[in-house]
Amino acid sequence: MKIKKILSILLAVLLLNTLTPLIACGAEPVASVRQYLNAPSQYTNNANFGINIDATLNGTITSLGNFGGFAVYEFLNPVQNSQNHPYGIDFTIAGNSFNGAATTQEPGQVWVSQDGENWFALAGSEHFEDETQWNYSLTYTKGEGNKCSFSDSLGENGTVNGQYPLKENYPKATFEEDSLTLTGILLRKLTTPSTNNGITTSFGYVDTLPKSASLVNPYGENPQKNGADGQFDISWAVDENGAPVSLDWIKFVKVQTATFINGGIFGEKSTEISALSVTPEGEKIATTEVPDCITVDGEKIPLESDKFTYEITANSSFDLSVETESNVYINNTRGTSRHFDSVPEKGIVRVIVQNGECEPLIYYFNITSSANDVEITLSADEIELEKGKTAQLTATASNGEKINFASSDDSVASVDENGKITANAVGTAFITAKTASGAGKSCKVTVIAPRKQAFATVSFSLSGGEVSVPKKEITVSSLDAENLGYETATTDHNGKSVENVTVFDVISAVHREIYGDDFTKNPEKYLVMSGSFITRAFNQSSSAWGFTVNDVMPNDGIFNPDFGGATGYACDTARVNDGDFVSLFMYKDSRYFEDLYPLFDAQNYTANAGEKFTINLTGYGVMEHGINTLDDIKNKYATALNGVEIFAVINGENVSLGKTDKKGNAKIKFSEEGEYTIFVSGETADGTPVITNFATVTVTQNDNKKPTTFCGWLQFIWQKIVSFFKKIGEFFVSIFKG
């Protein structure tokens, strides 16, 4: 089955599964649409997914498009900021998210209003982070075909894929025919295409977290896995300066795509809406108890009843902690403490304290720096150390003041008066350099368990793109990638330590062998890996790299309902062992990833010189079925490969031996004895790309082959006579010995 068909089916399933109970029960809509505009994207002007916003009132998904695309709803009845709503959640707006992974989140910012004129942002988890921009604007200009140009308030410009919106498709929005400027809150901007681009949010946005049929505590552990999409508390409302706004009720809500992210082959990150619902009134919910204490920069803040905004002066580097057994969020960080390397750019730290089903307490700390204009320069902002190792941190003050060093946790990492750091236990600590006048800056120190070096001898091949590496054997160390300066994962997605040789170690070692000193001096000229995704290899830029180990994609074998199968390992967590075969390839079909991985019916063939023998080739969609056992692949998913060309390496050259028929069979022969490598390349008869795979053939001379010349016949007869008398002699010898 074609991948694009699979994607269509998956999308249909997601559409059905993301409808809220309100829609599923056939309830009447709770709101009406007042305005709608899909910003230039892959869905703009698309009748099925990018126009019919009214259908969201009945449970049908519609997209808002790229950054700035928006929809404005008017609730039929005012939505109350009520104490009768669990966790303080007053209403929900669902998207089409199916898990909370960074690469699948497409956050939509929500604003609320009582009159439809004065709007207040509902501050989600990322609202007070330095990277979030509260007044970002983007101008789209109509281009040719499916392209639009853009320029933004950061002074950057470029192009986006997507048609300019047609006025007849968006009658509820007012905009010019050739140029459109949209302003809003920007959470993340990543315009270099990559499937690895994404953002992680914890609460307070549409189309980010897993779907849920009921309300879920937004402040619980691991919201990306256990949370619920699109839950909103009117008490999160803030004005344009981030100050809290007290609203007893709201009548209007606006949702707007809050990222400008190019997801590579998957297109832009575009917020989708599938349903709106209002939390029904229930019994009164208690309010969370006031925490025992909140400490900022070593000073305990006296908390007053009904006072939730405080003015604080702190050093440029400070810690904030909350003494409580309740759930706590400090800006976007869940936990009872957070270190700040500097005063936040927005000057606000929000602390949310919540317990059980209670309404949360929300505190705002307006923080100004007590330090003067002295700047601290550190030799490193982050250091990773193995337990028992040391590192030297140096610091200078712009005014020449003496620097004093201190650790946030000596049990993890201690520091002496000269900045020498000692790693004492696995964990994280902050080493702060401070002056007497209060200026300070911190270095994050992560202590990891000592790495044990492992080795493996494996076979490796590369296919696709401009470089091809035939199957070859190589010995690899588990520290190959790390020693080249790459940041690799220390644990896999199951939290297990990665101590074996990995696929990325193999790829790094092959680069070193091919490019030598030029690679070791400048690795990222040839090989780039970030966040476990390879974006450049063998001096070729692409986000369409894939790999197999022993003909399948490495996986944990544990069924994952979010993916409908086992979870695959990334290149820096996929382990390899002695004798494994690692295949790296660049997908030729970088749109639907339909490339087929071929399987020979044997890895080693034997044949006689000059005689034809038959090989059989089957193949499977490596992206579609790669995360299965090889037995399941062969029995359930592999089909005959028709029209695939077979090659052999003969005298250093690639020689074509023939093509497979409809049954995947090909008859090939070699004229001389020897050891040969055969491989497949190209496309099937219907044009589907095939990934390169290899097998070996041992060709021997057939002693029983009949001669074709007179001299050959004489030699053949003589050999038969000699053989006959030799056997008679052996017979009589055996009799006499007996």
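Aspartate 178 is found in the loop between S9 and S10, where helices (H or I, at least four residues) and strands (E, at least two) are DSSP runs numbered from the N terminus. This is a predicted model, in which local features need pLDDT of at least 70 and side-chain atom pairs count only at pLDDT 80 or more, while totals for chains, interfaces and linings use all residues. Residues are numbered from 1 along each chain as its sequence is written, and side-chain values use heavy atoms, with hydrogens and water left out.

At 47% relative accessibility, aspartate 178 counts as partly exposed, a class that lies between buried (under 20% relative accessible area) and exposed (over 50%), with a 1.4 Å probe and protein chains only. Together with Glu168, Glu176 and Glu177, Asp178 forms a negative surface patch. Patches are made of residues with over 30% relative accessible area and no salt bridge; like charges are joined within 9 Å, and nonpolar side chains (Val, Leu, Ile, Met, Phe, Trp, Tyr) within 5 Å. Asp and Glu count as negative here, Lys and Arg as positive, and His and the chain ends are not counted.

For the whole picture, the protein chain holds nine helices and 56 strands. Its C-alpha trace spans about 115 × 70 × 50 Å along the principal axes, and 49% of the 738 residues count as buried.

Next come the charged pairs. Side chains of opposite charge can pair when their charged atoms come close. A salt bridge is counted when a side-chain nitrogen of Lys or Arg lies within 4 Å of a carboxyl oxygen of Asp or Glu, and the count comes to 14. One of them joins aspartate 54 and lysine 172, with 3.0 Å from N to O. This pair links distant parts of the chain, 118 residues apart: aspartate 54 sits in the loop between strand S1 (31–37) and strand S2 (62–63), and lysine 172 in the loop between strand S9 (157–161) and strand S10 (179–186). Aspartate 54 is partly exposed at 34%, and lysine 172 is partly exposed at 33%.

Aspartate 152 and lysine 189 form a salt bridge whose closest N and O atoms are 2.4 Å apart.

Within helix H8 (residues 630–637), lysine 636 and aspartate 632 are four residues apart, so about one helical turn separates them. Their salt bridge has its closest N and O atoms 3.9 Å apart. Lysine 636 is exposed at 56%, whereas aspartate 632 is partly exposed at 27%. Elsewhere, Arg34, Glu74 and Lys251 are linked in a network of salt bridges.

Two strands pair if DSSP finds at least two bridges between them. Strand S39 (residues 528–530) runs antiparallel to strand S40 (residues 533–537), and three bridges join them; methionine 529 has isoleucine 534 in S40 as its bridge partner. In their hairpin, which has two residues between the strands, glycine 531 takes a positive phi near 60°. S40 also pairs with strand S41 (residues 540–541) in the antiparallel sense, over two bridges, and serine 541 in S41 is the bridge partner of arginine 536. The hairpin of S40 and S41 has two residues between the strands, and phenylalanine 538 in the turn has a positive phi of about 50°.

How values were computed. Areas by Shrake-Rupley, 256 points an atom, 1.4 Å probe, with all protein chains shown as cover. Charge placed at Lys NZ, Arg CZ, Asp CG, Glu CD.
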